Amino acid sequence: MQTSKRIASLCLALLLAVAFLAPCFAESKVTPIIMVTGMNAVPLVKDQGTDQETVVWAPPAEAITSKIPQLIWPTISVMFTRNWDKFMDAVLPLVNEVFEPVRYTELGKTLYDVTTDTMSGSYAENHSSSFLNEAGRDLGQYLADKVGADNMYLFIYDWRQDLYQVAQELNTFVEQVKADHHCDKVDFVSVSMGSVVTNCYLAQFGCDSLENVTLVSPAFTGLSLLGDVFCGRVCFKEAAVYRILAQVMAGHDTAKEEKINKLFGILLKTRLMAPLFRFGDTMVEATKDRVFAETFVESFGRMPGILELIPAAKYQEAKQFLYHGEENAITKLTDRYFEQVGSHVEEIYKGIQEKGVNFAIISCYGRQSAPVYENSDNQSDGIIDSCNTSGFATFAKHGATLGSDYKQAVDCGHNHLSGDGIVDVSTAMFPECTWIIKHFEHFNYEYEGNSCALVYWLTTRTEQATVFDNPEFPQFMDYSYQTHMLTPLK
Ligand SMILES: [Zn+2]
């Protein structure tokens with residue numbers, strides 16, 4: 001009798017202990033997520049906290065539209081006179097006015113008192129409305145709803161800065177989040193430029209504090225667009241211009257876009273508009289040197305954060321083009337990035353996988369990017385070329401396929417060719433954990449549907465996911481802005 005009473009009270013004590021401890025176990029299971037945001041996720045603000053506080057980037061619409069009347073006469077006049085120097089005398093000061101508030105000095109530091117308006121923090125501290133971009137708000141809010149507002153963080157930074165230094169701010173932030181949660185791991189969702197900050201973080205601080213890293217439309221291997229532009233290879237391609245127009249006219253209706261593209265295809269064949277594009281070429285040739293020398297080099301060319309988005313393979317050429325081989329305070333910073341980080345991207349992420357960090361990449365295609373550079377017929381997500389965001393998967397050019405006799409470049413025993421004949425992921429750095437979405441824009445997550453669910457699934461793994469694990473999210477998916485659904489690509 002005594003023994004059975006003793007056993008019963010022991011059982012009761014155990015039960016109570018488990019009941020009290022269970023919430024602690026449950027709570028410690030949630031790993032905080034830090035979204036390392038992309039470029040200009042929140043505005044750049046001048047004279048923060050004073051009466052003169054103003055948003056300076058993205059430039060307010062009137063900062064640009066107010067210049068239009070002053071451009072009309074120089075534009076009409078240059079069509080007749082072809083006096084491009086006179087035209088540039090009128091235009092360049094106006095362009096410089098737009099850049100003035102975000103200008104950097106020759107030392108790679110901000111000229112004015114400009115900073116981001118919102119500090120990094122958790123959704124519990126009301127960061128839900130921080131994003132300029134609705135898609136950022138949707139994805140952030142979705143993740144906050146899933147893991148809890150106090151477990152979902154935004155890391156925000158001034159994108160003009162040397163990203164190697166930004167990564168030091170990120171490290172301080174990670175350590176603070178870990179201390180606040182009494183945990184030793186966090187997850188990263190690194191969006192666009194945020195992936196380059198993540199490259200720098202991993203190179204300097206390793207991956208001991210990380211459980212999952214998901215790169216969303218990452219700039220981690222640079223942007224072909226910037227590689228071309230910073231090497232002076234600027235041009236307007238007629239077909240690319242039409243694809244942009246079709247995209248704008250069709251909204252997000254892909255069937256309509258295909259029809260409009262067919263009509264533009266006919267226009268392209270007639271060569272009717274060729275004289276206009278020849279005029280464009282003449283304009284670029286006649287104005288390029290002054291645009292670079294008097295505007296571009298002194299604005300974007302002085303921002304280490306922007307220069308660090310050049311693909312590593314193009315960096316030396318771009319440096320030569322921008323600075324004519326001259327070393328300066330800015331190239332000192334960017335040299336460090338490319339030597340220690342930019343030319344080791346594949347090793348960095350292979351390294352973290354070997355140490356047990358779960359890693360995933362989401363890359364998108366089927367959109368046209370700005371039609372101003374030599375490789376603008378590359379597949380893109382509208383901002384970054386898909387070859388870059390996928391870590392060098394092979395994509396057919398816009399409007400083309402890889403061809404009916406194309407064979408998968410690397411035979412790993414799986415299929416990594418897309419059903420539409422446009423993509424071969426076998427050449428990518430991480431073919432088993434790179435998800436590819438057709439028709440999805442750079443950063444356009446919608447709360448409805450399942451696009452945010454993909455990011456959530458990839459970022460809360462307890463073991464490495466592969467593209468063969470989840471029938472809802474296979475390697476190749478198609479997105480519809482009508483149904484808000486990702487579906488397997490046919
Ligand atoms: Zn494979």
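Colleague: Quick one to start: where is Ala58 found?
Modeller: Ala58 sits in the loop between strand 3 (54-57) and helix 2 (61-65). Helices (H or I, at least four residues) and strands (E, at least two) are DSSP runs, numbered from the N terminus. Residue numbers start from 1 along each chain, following the sequence as written. Bear in mind that this is a predicted model: local features need pLDDT of at least 70, side-chain atom pairs count only at pLDDT 80 or more, and totals for chains, interfaces and linings use all residues.

Colleague: What kind of peptide bond joins Trp57 and Ala58?
Modeller: A cis one, with omega about 5 degrees. Most peptide bonds are trans, and most residues other than glycine have a negative phi.

Colleague: OK, phi then. What is the phi of Arg82?
Modeller: Positive, about 55 degrees, although Arg82 is not a glycine. Arg82 is in the loop between helix 3 (68-81) and helix 4 (84-99). Arg271 also has a positive phi, about 60 degrees, and is not a glycine either. You'll find Arg271 in the loop between helix 10 and helix 11 (274-296).

Colleague: Why does Arg271 count as exposed?
Modeller: Because Arg271 has 10 C-beta neighbours inside 10 Å. A residue is buried if 20 or more other C-beta atoms lie within 10 Å of its own, exposed if 12 or fewer, and partly exposed in between, with C-beta atoms placed from the backbone. Arg82 has 13 such neighbours, so Arg82 counts as partly exposed.

Colleague: And the chain as a whole, how many of the 490 residues count as buried?
Modeller: 40% of them. The chain has 17 helices and 14 strands.

Colleague: What radius of gyration does the chain have?
Modeller: 25 Å, which agrees with the value near 23 Å that a compact globule of 490 residues would have. That radius is taken over C-alpha atoms, and the globule rule is 2.2 Å times the number of residues to the power 0.38.

Colleague: Do strand 1 and strand 7 run parallel or antiparallel?
Modeller: Parallel: 4 bridges join strand 1 (residues 33-36) to strand 7 (residues 186-191). Ile33 stands opposite Asp187 in strand 7.

Colleague: Now helix 9 and helix 10: at what angle do the axes cross?
Modeller: Roughly 150 degrees, and the axes of helix 9 (residues 238-250) and helix 10 (residues 254-270) come within 9 Å. Axes are lines fitted to C-alpha atoms, for helices over the stretch in contact, and angles run from 0 to 180 degrees between N-to-C directions.

Colleague: Which residues make the contact?
Modeller: Among them are Tyr242, Ala246 and Met249 of helix 9, plus Ile260, Phe264 and Leu268 of helix 10. Contact here is C-beta atoms, placed from the backbone, within 7 Å. By class, there are 8 nonpolar, 2 polar and 4 charged residues. Ala, Val, Leu, Ile, Met, Phe, Trp, Tyr, Cys and Pro count as nonpolar, Asp, Glu, Lys and Arg as charged, and the others, Gly among them, as polar.

Conventions
Two residues are in contact if their C-beta atoms, placed from the backbone, lie within 7 Å. Two strands pair if DSSP finds at least two bridges between them.
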